[in-house]
Amino acid sequence: MLESLDGVRNQKLPVTIITGFLGSGKTTLLNRILQNRQDLKVAVLVNEFGDINIDSQLLMTVGEDMVELSNGCICCTINDSLANTVYEVLARPEKLDYLIVETTGVADPLPIALTFLGSELRDLTYVDGILTVVDAENFSLKQGEAAVKQIMYGDIALLNKTDLVTTDRLGKVETQIHETKEGARILHMQHGEVPLPLILDVKLAQSENYPLEITETENQPKPRHLQNDGYLSVSFQSKRPFSLRKFQHFLDNQLPVNIYRMKGILWFEESPARHVFQLSGRRFHLDDSTWEDQPSNQLVCIGHKINPIEIQQYLANCLA
Ligand SMILES: Nc1nc2c(ncn2[C@@H]2O[C@H](COP(=O)(O)OP(=O)(O)OP(=O)(O)O)[C@@H](O)[C@H]2O)c(=O)[nH]1
């Protein structure tokens, strides 16, 4: 199906929005798409909630097709910068087949979809679908308003991390999804593995279902959604290495329970490797790679009603 887009230059550019709560697997899915569809010229817009853009450093296919948005909550700041960035992408000389927007984990996807509908972009692009990645292990409607909106406005719920849960738990999460959105389409996946024809070029977005009052207030300034929800991101950077033992102590004994997500590139005194650190819920892991630039620590912690000073102090105490 996607191949058929090839010769049709005058047609509108399809846009897929990938949403989903913190750490659910959005970047993992994006990586899969980029790896598996190298024949497609995809422009990717990534928006991150944090001062340091870790995601762009973790995307395997970062090249000329990658356009990063400035930092901030996507649903608060994106209307101007998203539209402008999309215009910039469209003005590039090379032919594009697809545009994918990855939202932050605490974003309501609707304002993003409306950006494509409510401006001149409507003539140049169309929203093909909103994909909501759901973490089968950690998902809860109590995660906040954004988590509910992500399900409500998603065209397909991609139930990810099915390797970590029982069939019973999967059934419970599916029930919650159906209670939030009647008739929701649900696909299961692990590590973002899903047949791409099921999620790209599917023409599932139904703008007529978007609430009218939101469409009408689209151009009004929006509140700082994330801060209202109590979500905060804390960044930590240092040109000195961590002590592995101290960092382990922080994770085991000091990590506040209301931190849901951490990601970063870490440097440990004890190791010559570049370590990609991921924490989602209570689960974390480190992947080794090689430094291509000067070693340093870059870490983003995201949580609900967290105390930035306390976290920064804990992390400073981890330095070797
Ligand atoms: N076990 C397991 N881990 C997964 C799966 N999918 C993703 N992960 C891991 O979950 C963590 C978060 O994945 P990401 O793709 O970075 O999640 P994200 O939604 O982009 O995160 P944010 O943008 O920070 O909200 C990473 O450590 C992934 O390797 C899966 O199906 N199973």
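Predicted model: local features only at pLDDT ≥ 70, side-chain atom pairs only at ≥ 80, totals over all residues.

Reader: Where is confidence lowest, and where is it highest?

Author: Strand β3 (residues 66-68) is lowest, at a mean of 48. Strand β6 (residues 156-160) is highest, at 98. Two stretches also need care. Over residues 1-9 the pLDDT is below 50, and this stretch has seven contacts beyond near neighbours in sequence. Residues 214-228 are below 50 too, with 21 such contacts in the model. The scores for the model are ipTM 0.99 and pTM 0.85.

Reader: What is the chain built from?

Author: Count the elements. The chain has 11 helices and 12 strands. Of its 320 residues, 41% count as buried. Then look at contact range. Among contacts with a separation of 6 or more, 79% join residues 24 or more positions apart.

Reader: How many domains is the chain divided into, and where are their bounds?

Author: Two: domain 1 (2-224) and domain 2 (230-316). In the contact between them, 14 residues of domain 1 meet 15 residues of domain 2. On the domain 1 side, helix α2 (residues 54-58) gives the most, with three residues. By class, that side has six nonpolar, five polar and three charged residues.

Reader: What does the UniProt record say about residues 233-319?

Author: An unreviewed UniProt entry annotates them as "domain: CobW C-terminal". In the model, this span is 23% helix and 41% strand. Its end C-alpha atoms lie 20 Å apart.

Reader: Now the ligand. Which residues come nearest?

Author: List the shell, then pick out the nearest. There are 23 residues around the ligand, and Lys 26, Thr 27, Thr 28, Gly 105 and Gln 278 come nearest. The elements that give two or more residues are α1 (26-36), β9 (259-266) and β10 (274-280). Helix α1 gives the most, with three residues. By class, the shell has three nonpolar, 14 polar and six charged residues.

Reader: Why does the ligand lie between the domains?

Author: Check which domains supply the shell. Domain 1 (2-224) and domain 2 (230-316) both give residues to the shell, so the ligand lies between them.

Reader: Next, single residues. Is Leu 131 buried or exposed?

Author: Count the neighbours. Leu 131 has 28 other C-beta atoms within 10 Å, so it is buried; the cut-off is 20 or more. Leu 131 lies in strand β5 (residues 125-135). Leaving out residues up to four places away in sequence, Leu 131 touches Thr 16, Ile 17, Ile 18, Gly 154, Ile 156, Leu 158 and Ile 199. For a distance to check on screen, take Leu 131 and Glu 208. They are 77 residues apart along the chain, and their C-alpha atoms are separated by 17 Å.

Reader: What about backbone angles? Which phi value does His 191 have?

Author: Look for a positive phi in a residue that is not a glycine. His 191 has one, of about 50°. His 191 is found in the loop between β7 (186-188) and α8 (212-216). Lys 203 also has a positive phi of about 50° and is not a glycine. Lys 203 is in the loop between β7 and α8 too.

Notes:
Residues numbered from 1 in each chain as written. UniProt positions renumbered as here; feature names shortened; annotations may be inferred. Helix = DSSP H or I, 4+ residues; strand = E, 2+ residues; numbered from the N terminus. Near = placed C-beta within 6 Å. Nonpolar A, V, L, I, M, F, W, Y, C, P; charged D, E, K, R; others polar. Domains from an automatic or database assignment. pLDDT = per-residue confidence, 0-100. Contact = placed C-beta atoms within 7 Å. Buried ≥ 20, exposed ≤ 12 C-beta atoms within 10 Å, placed from the backbone.
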